[in-house]
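Here are my notes on the model, as numbered points. Have the coordinates open while you go through them.

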Amino acid sequence: MAEYKSTVNITQTSFPMKANLPQTEPERQKLWEKFGFYKGVFKRENAPKYVLHDGPPFANGDIHMGTALNKILKDIIVKYQGLTGQNAPYVPGWDCHGMPIEHKVMGNLGSKAKTMTKVEIRQECKKYAEKYLSRQRDEFKRLGVLGNFEHPYMTMDPTYELAIVKAFQQMLAEGYVTRRLRPIHWCPVCQTALAEAEVEYADHDSLAVTVAFPAKQIPAGVFPNTPLDHLSFLIWTTTPWTLPANLGISVHPDFEYVTVQVGAEYYVVAKTLLHQVATMCGWKEGEYKVVDEVIGQKLDRALARHPFIDRDSLVMVGAHVTADAGTGLVHTAPGHGREDYEIGLKYDLPVYSPVNEGGRYDARVKEFEGVSVWEANPKIVEKLKGIGKLLSLETIHHSYPHCWRSKNPIIFRATAQWFVELDHQDLRKKCLEEINRVQWVPAWGKDRIHNMVEGRADWCISRQRSWGVPITAVYCKTCGKVVHDDQLSKATIELIKTKGLDGWFEHQAQDVLPKNYKCSCGSIEFVKEEDILDVWFESGVSHMAVLETREELTWPANLYLEGGDQHRGWFQHALWTGVALKGHAPFKTVLTHGWVLDAQGKAMHKSAGNVIDPMDLMKQYGADVLRLFVSSEDYTEDVSVGTEMLTRMSEAYRRIRNTFRFILGNLSDFDPAKNRVDPQNFLPIDRWAFIESQKTLSSLSEAYGQFQFTKVFHELDYFFSVTLSAGYFDILKDRLYTFEANSRARRAAQTVLYDILKSYVIAVAPILSFTAEEIWQSLPENFKSAQEKSVFDSLWSRSTQEVSVDEALAQDWQSIFSAKKAVSKALEGLRQAKTIGSSLEGEVVLYTESDHLKKLLQKNISDLRYYFLVSKVELKDGQAPADAIPAEDAALKLKIVANKSGGYKCARCWNYYDQLGPEAADLCHRCGPVVQKLQTVSKG
């Protein structure tokens with residue numbers, strides 16, 4: 001038998017089967033560096049802009065899986081927009097100020113920090129932020145993210161800081177910002193105010209007490225049968241430490257209140273809660289009785305006495321009182337609760353908060369001076385027991401606010417703070433209107449942020465820290481009035497321009513005030529604010545600091561994309577500031593993703609030992625496998641990740657890679673300028689494959705555009721694994737390898753492969769960026785233009801070959817592939833019996849009762865052997881024999897008889913025929929002429 005290996009069309013490509021992504025991906029990075037892609041990519045002149053505005057991560061540590069998910073999603077979107085012809089600049093950003101960084105720095109400095117000035121601490125914070133910003137930048141690049149990393153935006157950049165100052169000055173001048181004494185979330189550990197977005201809720205044990213406040217004065221005619229000198233108002237609270245700050249008791253105007261006699265004492269409680277109070281206080285049935293009853297409104301301005309401090313407690317009526325727990329009477333300390341503060345304002349109570357920055361009582365509470373509020377809880381309980389005013393005590397386990405940074409429980413504490421007035425000039429109403437104009441993905445995000453904006457009480461923007469943008473304001477030392485003056489604003493901005501933010505801390509109030517400036521109260525002494533701005537204000541105004549100032553960007557952004565927690569964070573604060581400063585939301589669309597959990601669906605924590613480092617995953621699997629994994633998951637929900645999942649994803653990646661390699665290898669002798677075949681001359685299967693590729697491409701484009709990356713993944717996986725590898729390629733190999741190299745049939749197949757290659761290398765590029773670039777660099781030069789040095793210089797394919805969708809053709813091929821599957825199963829028995837090895841050693845006889853299938857099979861009868869990968873196919877009428885094997889697809893009405901071929905094997909294509917020759921005794925009628933022609937050319 002002659003050797004014919006040299007006569008078949010051998011595949012050739014430099015694109016390797018083994019990916020070695022951890023080793024080869026950094027080489028692609030170097031190439032992108034050379035191409036200038038880290039200065040920006042997708043700079044399409046005269047093209048519409050698509051701006052995804054990056055939410056800045058804190059520059060305070062290495063990236064984690066949540067960061068990786070976030071950046072990969074953004075990168076997929078930007079690359080798709082750029083590849084489809086948009087001018088899609090991506091400017092990454094970093095949040096460089098704030099507690100997370102200062103907390104780390106102060107911990108590193110230790111006791112040394114006490115000897116340093118605020119400016120010196122700020123300099124240390126800057127160095128720390130610069131260190132991790134650089135590390136994160138490298139890590140983002142390793143993920144495959146492209147963008148302007150050489151000129152990112154940073155909240156500590158002087159131009160950004162100046163923009164923050166200008167935004168604050170504008171909001172201050174327009175009345176959106178005020179300074180007020182008001183209770184706010186306060187962390188005694190960090191010793192700073194907290195915004196709502198900086199508060200987390202965790203389980204906590206609290207002492208719940210029922211306390212008697214002796215009555216002092218009751219409105220005339222109220223409780224006529226109850227002796228005043230034995231009457232007490234009963235309150236219930238889970239914060240005994242706030243009792244020293246009590247100034248009042250709140251009742252609901254519409255609730256019914258009763259006096260209850262228990263022995264010689266009488267207590268006021270809400271009627272509906274009497275049974276619950278009795279149980280709490282241990283009053284047994286028959287030991288207590290109702291004496292008087294009155295509506296809450298009648299108790300307005302009654303007076304009680306504080307149980308252990310010599311002062312009165314005013315009874316007030318307020319709709320905030322509920323009857324779901326306690327006694328129906330609310331202990332009110334205006335300096336330690338939001339609702340307490342609000343009702344206290346109505347009744348002109350002072351905002352009294354005798355607790356210092358560290359959460360300890362000051363000199364105004366002599367008995368507990370210097371004691372922390374947490375230590376005071378049991379002490380106050382003992383005090384109440386000792387004076388006979390404690391009626392019940394229990395420990396309750398409940399959800400309680402904690403500091404997001406220190407993880408410790410926090411308190412409400414009144415201090416003079418700066419606030420954004422959320423209802424000034426109908427700001428809240430306008431924000432709610434803007435929410436309706438924005439597209440929210442997923443749709444439930446709209447309701448979530450709507451409810452948060454609607455229900456938010458305030459926004460405290462002052463922080464008692466060093467590392468951040470100072471609140472550039474001055475107020476009167478005597479009366480506290482904030483100075484509103486254009487000259488001051490201009491002088492402040494000029495100071496920041498010339499001296500930077502440190503200049504604010506190094507100068508005095510007189511340095512920025514007009515000469516001889518006087519307050520309206522007559523005072524000439526002023527205080528320069530030393531607090532810094534909430535970091536949410538800093539990042540919230542990024543739309544002004546970045547979108548408005550950078551030429552390549554636009555305001556508003558097309559898209560904001562962050563985790564679902566940013567409805568109360570960045571999204572919300574960008575909305576407040578955008579509407580206040582510009583009249584509109586700074587985004588057109590907002591997309592949110594879930595948290596990243598471990599393989600068991602648990603949150604990742606260092607203490608739990610379940611943290612998965614994306615950098616470690618990339619060392620093992622490569623970035624593209626991680627990117628493919630991200631695309632495969634429903635990011636709108638929480639995403640679980642583990643090595644087993646990444647291993648499975650490696651298999652999906654391998655299938656896609658090998659499909660590209662097959663195509664590249666079979667196009668090594670194809671010149672699109674010379675060898676392209678007109679679609680009209682495609683074989684039916686080529687026409688089908690081309691149409692399927694275009695349909696899938698259209699579906700992919702739609703899915704990308706709608707952020708449906710899971711659909712993109714599944715469409716790609718199915719197209720590469722089933723449509724191509726198991727379908728088209730399985731049948732095509734015979735033609736590609738054994739037909740004459742320049743035959744129209746082979747060139748037609750190559751034309752389809754070429755178009756699929758050029759289309760799909762771009763289609764996978766947003767996700768498999770490193771691999772797409774590797775494929776692009778493996779393309780022959782005549783496959784791309786001189787301007788297309790990278791896959792990211794190309795454009796999403798819009799085929800120039802018009803082949804209309806043919807549903808009838810698609811249905812026919814679906815039937816043929818179903819029949820092929822049935823034939824393969826029918827041959828399986830012969831394989832198991834070792835009657836045959838390859839399917840080419842088999843032959844089949846088909847019987848069908850379906851007229852449509854019969855016509856289809858008859859029409860393709862001469863090619864069915866090549867479609868089914870057998871050596872002979874017969875189609876017979878009549879009843880199938882009893883041993884015929886039915887197709888699983890009952891709709892085919894197909895039965896098959898399979899046997900070993902009795903023909904002769906062609907030494908070149910390995911198909912079996914009834915006879916070989918005539919050109920050569922061991923070659924079939926197809927291979928003989930091909931070999932003969934090659935031999936003639938060789939001799940010539």
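How do the residues of the lining of the largest cavity divide into nonpolar, polar and charged? They come out as eight nonpolar, two polar and five charged. For these classes, Ala, Val, Leu, Ile, Met, Phe, Trp, Tyr, Cys and Pro count as nonpolar, Asp, Glu, Lys and Arg as charged, and the others, Gly among them, as polar.

1. Ground rules. This is a predicted model, where local features need pLDDT of at least 70 and side-chain atom pairs count only at pLDDT 80 or more, while totals for chains, interfaces and linings use all residues. Numbering starts from 1 along each chain as its sequence is written, and side-chain values use heavy atoms, with hydrogens and water left out.

2. On a 1 Å grid over the protein atoms alone, a cavity is a set of points where a 1.4 Å probe fits but cannot get out; a pocket is an open set with protein on both sides within 12 Å along at least five of seven lines; lining residues have an atom within 4 Å of a point. Grid points are joined across faces, edges and corners, and a volume is the space filled by probe spheres set on the points. By this rule there are three cavities of 30 Å³ or more. The largest holds about 110 Å³ of space. Its lining has 15 residues, with G98, M99, E198, R463 and R465 nearest the centre. Two or more lining residues come from each of α3, β5 (192–194) and β22 (532–533), and β5 has the largest share, three residues. Helices (H or I, at least four residues) and strands (E, at least two) are DSSP runs, numbered from the N terminus.

3. The second largest cavity. This one has about 70 Å³ of space. Its lining includes P183, I184, H185, R338, F412 and W459. β4 (177–187) and β18 (459–460) each give two or more residues to that lining, and β4 gives the most, with three. By class, the lining splits into seven nonpolar, one polar and four charged.

4. The second largest pocket. Its volume is about 1100 Å³. There are 32 lining residues, and T237, T238, T239, E339 and D340 are the closest to the centre. Elements that supply at least two lining residues include β7 (231–237), α7 (338–346) and β16 (411–420). The largest share, four residues, is from β15. The lining has 13 nonpolar, 15 polar and four charged residues.

5. A buried glutamate. Take a look at E102 in helix α3 (residues 99–109). E102 is buried, with a relative accessible area of 2%; buried means under 20%, exposed over 50%, and partly exposed in between (1.4 Å probe, protein chains only). Leaving aside neighbours within four places in sequence, E102 is in contact (heavy atoms within 4.5 Å) with C125, R465, S466 and W467.

6. Cysteines. C519 counts as buried at 9% relative accessibility, and C909 does at 8%.

7. A parallel sheet. Four strands make an open sheet in the order β1-β23-β24-β17, with parallel pairing. β1 (52–53) and β17 (439–441) are at the edges with a single partner strand each, so one side of each has no neighbour in the sheet. Strands pair if DSSP finds at least two bridges between them; β23 (residues 557–563) and β24 (residues 587–593) are joined by six. A557 stands opposite F587 in β24.

8. Backbone spots to check. Most residues other than glycine have a negative phi, and most peptide bonds are trans. The W555 to P556 peptide bond is cis, with omega near 0°, and P556 is in the loop between α14 (542–547) and β23. G917 and P918 are also joined by a cis bond, with omega about 5°. F42 has a positive phi, near 60°, and counts as buried at 4% relative accessibility. K407, in the loop between β15 and β16, has a positive phi of about 65°.
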